[in-house]
Amino acid sequence: MFLRPWKMVVAPVLFFSSAYAFAENPTDQLAYCSYVMEQAQAQRDLLRTPMAAAGFTQPETGLPLQAVAGASLGLSDFRKAGLTMEAARKNCELYKSATWAQQEIQYAVPSLEKEALRNRMALIDRAAKLLDALTEQTEKMVAAQNATRLMLFSLQTTRIKLNADRADTQSKITSLYVPPLSDRPLKQLAAEKQNNEVGEQKALDKLARQNNWDVALSVGVHQQVNPIAQNAQPYGAVSINYNLASHAIDQHLDRAAEAYGEWKKVQEGDVVRNMEVLRQQLVDCVSAQEARLKSLRAEGAQIDSNLQMIGNPDTSAAFDFHNQLAAARLLLEIETGDASFRLDHLREYLARNY
């Protein structure tokens with residue numbers, strides 16, 4: 001009797017975000033944040049630095065030509081400089097939370113599978129030790145001519161199956177790549193990402209509101225060119241701009257931020273949506289594992305019943321049958337232990353992350 005190793009039948013799903021690339025380690029996050037912050041700092045320096053201007057002007061026809069030089073600074077631009085840095089920081093926080101959540105979702109199934117395979121290796125090692133004891137006992141009976149070599153061969157066949165199972169399990173473990181994952185529950189990562197989505201949109205909202213008004217201060221000097229005046233004359237001006245549709249614009253920006261958050265909740269391929277897809281996959285796996293474990297336990301009960309009927313074998317035929325049942329029981333214990341571990345682990349993962 002040879003039971004093939006069961007494998008979790010959930011294909012790993014690749015998740016992509018239209019706004020953010022996938023990160024497998026913090027180095028990617030640091031590089032992205034460095035790029036975003038450098039761009040924001042360049043924009044900040046541009047906005048908060050006064051603009052110098054120089055040129056010629058003739059205020060009215062008939063008046064002398066004048067050379068003008070000065071600088072101007074808008075208070076709205078100065079305010080935008082700080083808001084630009086805040087928006088960049090929010091974007092960086094969102095990228096970090098989004099990539100951590102995406103990584104957790106993408107590698108959830110491989111991580112569970114790898115842990116289950118490691119547990120299976122422990123079960124195989126335990127069964128191998130029990131088989132060694134049974135083989136040693138049979139070898140002594142063969143040496144005493146109380147058992148045939150055919151009885152010993154059936155145990156050797158079981159060992160071949162165990163060795164094949166071990167090699168197959170080791171191969172599967174090495175073929176599964178799982179990067180370091182966050183130690184926080186997935187529901188917490190998704191909530192943090194969702195909050196950062198809203199936070200970034202609010203930061204962009206505040207930045208956009210600064211376009212509704214401006215108070216600009218301009219200072220400089222003007223010099224009469226033809227004929228050349230003796231002294232340059234200073235000048236200063238303050239201009240105030242206000243968009244009459246500011247209230248309506250702000251309402252649209254607020255509703256846009258709310259709509260963005262709702263869109264992210266239902267967007268196909270986004271963290272929240274993919275988290276729900278993963279949950280449904282794992283729930284289906286739980287159902288499949290429950291059915292598998294029930295079937296394995298029924299088979300185990302039947303073997304145990306036969307072992308009880310044999311009791312202590314006192315004939316060669318009874319001992320042979322006992323060995324065959326014991327070998328089958330060892331293989332079945334691996335499958336039952338594997339199924340039980342997977343089921344418990346899946347339930348624990350669902351309870352912790354959802």
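A residue counts as buried when its relative accessible area is under 20%, as exposed when that value is over 50%, and as partly exposed in between. Asp132, with a relative accessible area of 38%, is therefore partly exposed. The structure described here is a predicted model.

## Overall form

The protein chain has eight helices and four strands. Read from the N terminus, these elements follow the order α-β-β-α-α-α-α-β-β-α-α-α. The radius of gyration of the chain is 37 Å, whereas a compact globule of 354 residues would have one near 20 Å. Along the principal axes, the C-alpha atoms of the chain fill a box of roughly 135 × 35 × 25 Å.

Of the 354 residues, 38% count as buried. The accessible surface of the chain is about 19,800 Å², and carbon and sulfur atoms account for 56% of that surface. Contacts across the sequence can be described as well: among those between residues at least 6 apart in sequence, 81% join residues at least 24 apart.

## Strands

Strand β1 covers residues 51–57 and strand β2 covers residues 65–74; the two pair in the antiparallel sense over seven bridges. In this pairing Ala52 stands opposite Ala71 of β2. Strand β2 also pairs with strand β3, which spans residues 213–226. That pairing is again antiparallel and runs over ten bridges. Here Leu65 has Asn226 of β3 opposite.

Trp213 belongs to strand β3. With a relative accessible area of 30%, Trp213 is partly exposed. Together with Leu75, Tyr242 and Leu244, Trp213 forms a nonpolar patch on the surface. The accessible area of these four residues together is about 490 Å².

## Salt bridges

How many salt bridges does the structure hold? The count is 23.

| Residue | Partner | N to O distance |
|---|---|---|
| Asp132 | Arg159 | 1.9 Å |
| Arg292 | Asp338 | 3.6 Å |
| Asp338 | Arg342 | 3.0 Å |

The side chains of Asp132 and Arg159 meet at 1.9 Å, N to O. This pair links distant parts of the chain, since Asp132 is in helix α3 (residues 108–143) and Arg159 is in helix α4 (residues 149–175), 27 residues apart. Arg159 has a relative accessibility of 26% and counts as partly exposed, and Asp132 is partly exposed at 38%.

The side chains of Arg292 and Asp338 form another salt bridge, at 3.6 Å from N to O. Are the two partners buried or exposed? Arg292 is buried, at 13% relative accessibility, and Asp338 is buried, at 0%.

Asp338 also meets the side chain of Arg342 in a salt bridge, 3.0 Å from N to O. Both residues are in helix α8, and because they are four residues apart there, about one helical turn separates them. Arg342 is buried, as is Asp338. Which residues do salt bridges with shared partners join into one network? The members are Glu113, Arg120, Asp165, Arg292, Glu335, Asp338 and Arg342.

Thr158 is placed in helix α4. What does Thr158 touch, leaving aside residues up to four places away in sequence? The residues touched are Leu131, Ala327 and Leu331. Thr158 has 7% relative accessibility; values under 20% count as buried, so Thr158 is buried.

Asp132 sits in helix α3. The C-alpha atom of Asp132 is separated by 9.8 Å from the C-alpha atom of Gln156, a residue 24 places away along the chain.

Key
Residues numbered from 1 in each chain as written. Predicted model: local features only at pLDDT ≥ 70, side-chain atom pairs only at ≥ 80, totals over all residues. Heavy atoms only, no water. Buried < 20%, exposed > 50% of the residue type's maximum accessible area, 1.4 Å probe, protein only. Pairing = 2+ DSSP bridges. Rg over C-alpha atoms; globule rule 2.2 N^0.38 Å. Contact = heavy atoms within 4.5 Å. Areas by Shrake-Rupley, 256 points an atom, 1.4 Å probe, with all protein chains shown as cover. Patch = residues over 30% accessible without salt bridge, like charges linked within 9 Å, V, L, I, M, F, W, Y side chains within 5 Å.
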